[in-house]
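Please read it alongside the sequence and the coordinates.

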Amino acid sequence: MSTTSRITAAALAAAAGMAALSACGTTGSSGGSADAKTVTLVSHDSFNASKSVLAAFERESGYKVKVLKGGDAGKAVNQAILSKDNPQGDVFFGIDNTLLSRGLKAGIFSPYQAKGLDSVPADLQLDKDAHRVTPLDYGDICVNYDRAYFTQHKIAPPQTFDDLLKPQYKGLLVTENSATSSPGLAFQLGTVAKYGDAGWQDYWKKLKANGAEVVNSWEQAYNERFSGSAAGKGKGDKPLVVSYASSPPAEVMGKNPPPKEAPTGVATGTCFRQIEFGGLLKGAKNEKGGRALLDFLLSKQFQEDMPLQMFVNPARQGAKVPELFTKYGATIDKPTTLAPETISKNREQWIKQWSSLVLK
């Protein structure tokens with residue numbers, strides 16, 4: 001749902017005011033598992049889980065979970081690559097399909113086929129032959145809109161990539177830097193998937209000419225610049241933002257009585273599918289504990305906890321999704337996608353081309 005990061009959709013937990021995980025493990029910046037009874041999970045800042053759920057794993061497995069958070073997804077992946085000869089922990093959570101080839105090429109994961117993998121749809125298993133990573137969740141990066149703005153100005157909100165180029169949306173969009181933000185990169189990849197290698201650059205020239213603003217992170221775009229963010233208390237002046245199809249439930253969570261609809265909507269024709277993975281770090285000090293933790297991350301108990309903790313869809317089929325998530329979130333039937341090998345081959349060049357076009 002990662003970058004992220006993510007970022008990934010997990011960052012929406014912060015937007016909803018959810019507390020960072022601390023009681024079921026400690027966070028820090030260095031060191032692997034301290035002993036055989038500790039298993040260390042390395043992730044991005046947006047990782048979150050119910051205390052009771054991780055406590056259940058600790059109780060049943062006998063391992064204590066230590067969580068190390070390392071910035072957004074891109075930064076966390078880069079750090080895992082830099083420290084591959086002396087890994088920070090045992091399991092990495094949060095590498096997504098836009099960054100996956102980078103981690104696989106660097107050889108940071110050890111193969112392991114997690115229990116329950118047969119319950120994960122084949123289209124999410126992007127490393128199904130080698131099992132170096134396990135798909136754990138998915139989400140869609142899409143343009144979100146502030147309903148109140150468009151109602152007030154009597155303008156229909158955009159629904160497609162093409163719509164964003166129309167004069168009535170000039171200066172209304174804020175997106176993230178492809179080089180520094182996972183959602184920003186995913187949105188760029190969505191335009192590549194839509195317009196092809198020959199057309200996406202022309203699209204971005206037109207989008208820039210139509211006043212699109214670029215900031216470095218999802219947090220900055222959503223919580224500071226977007227007018228529909230409750231966390232930003234409406235201080236932003238951009239009614240369009242690149243975020244997640246699962247952003248609306250985060251805006252509704254905790255409201256009593258619950259509204260008929262979320263204050264934000266999703267432009268369903270602007271979405272790119274993001275899949276997030278976990279893997280056993282090569283050289284892990286506690287491989288046995290790491291395998292047990294990966295099994296747990298794919299268990300029904302953890303998978304059913306994810307939607308309202310990290311605002312992502314569980315990878316495991318049959319895992320129940322809360323009504324708040326399904327009622328207020330957008331279901332994307334036909335998101336844009338790109339094959340992992342296509343992303344791997346072109347990602348760095350596409351980012352350079354995008355930066356030259358949009359940031360100059």
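F311 counts as buried at 0% relative accessibility, where buried means under 20% relative accessible area, exposed over 50% and partly exposed in between (1.4 Å probe, protein chains only). This is a predicted model, in which local features need pLDDT of at least 70, side-chain atom pairs count only at pLDDT 80 or more, and totals for chains, interfaces and linings use all residues. Residues are numbered from 1 along each chain as its sequence is written, and side-chain values use heavy atoms, with hydrogens and water left out.

**Backbone features**

- F311 has a positive phi of about 55° although it is not a glycine.
- F311 sits in the loop between α10 and β10 (313-314); helices (H or I, at least four residues) and strands (E, at least two) are DSSP runs, numbered from the N terminus.
- H131 is another residue other than glycine with a positive phi, near 55°.
- The loop between β4 and β5 holds H131, which counts as buried at 16% relative accessibility.
- N256 and P257 are joined by a cis peptide bond with omega of about 0°, and P257 lies in the loop between α8 (247-252) and β9.

**Confidence**

- The average pLDDT of the protein chain is 89, and 90% of the residues score at least 70; pLDDT is the predictor's confidence in each residue, from 0 to 100.
- Over residues 1-34 pLDDT stays under 50, and the model has 148 contacts beyond four places in sequence for them; contact means heavy atoms within 4.5 Å.

**Disulfide**

- One disulfide is found in a search of the whole structure, a disulfide being a pair of cysteine sulfur atoms within 2.5 Å.
- The disulfide joins C142 to C271, with an S to S distance of 2.1 Å.
- C142 belongs to strand β5 (residues 134-146) and C271 to strand β9 (residues 264-281), so the pair ties together parts that are 129 residues apart in sequence.
- The disulfide is right-handed because the torsion about the S-S bond of C142 and C271 is about 115°.
- C142 and C271 are both buried.

**Helix α2**

- Helix α2 spans residues 51-61, and V53, L54, A56, F57 and E58 are buried in it.
- These buried residues of α2 pack against β1 (38-43), β2 (64-69), α9 (287-297) and α10 (300-310).
- G62 follows α2 and has a positive phi, near 85°.
- The loop between β1 and α2 contains S50, which is buried with a relative accessible area of 16%.
- Leaving aside neighbours within four places in sequence, S50 is in contact with D305 and Q309.
- S50 and Q309 are 259 residues apart in sequence, and their C-alpha atoms are 7.1 Å apart in space.

**Other loop residues**

- P87 is placed in the loop between α3 (73-82) and β3 (91-96) and counts as buried at 9% relative accessibility.
- D123 is placed in the loop between β4 (109-110) and β5 and counts as exposed at 57% relative accessibility.
- D123 and I275 are 152 residues apart along the chain, and their C-alpha atoms are separated by 9.9 Å.

**Cavities**

- On a 1 Å grid over the protein atoms alone, a cavity is a set of points where a 1.4 Å probe fits but cannot get out, and lining residues have an atom within 4 Å of a point.
- Grid points are joined across faces, edges and corners, and a volume is the space filled by probe spheres set on the points.
- The volume of the largest cavity is about 50 Å³.
- Its lining consists of A80, S83, K84, P87, Q88, I108, L281 and K282.
- The lining of the largest cavity divides into four nonpolar, two polar and two charged residues; Ala, Val, Leu, Ile, Met, Phe, Trp, Tyr, Cys and Pro count as nonpolar, Asp, Glu, Lys and Arg as charged, and the others, Gly among them, as polar.
- The second largest cavity holds about 30 Å³ of space.
- L117, Q125, L126, D127, K128, H131, V133 and P135 line the second largest cavity, and they divide into four nonpolar, two polar and two charged residues.

Conventions: 1 Å grid on protein atoms, 1.4 Å probe; cavity = no way out; pocket = protein on both sides within 12 Å on 5 of 7 lines; lining within 4 Å.
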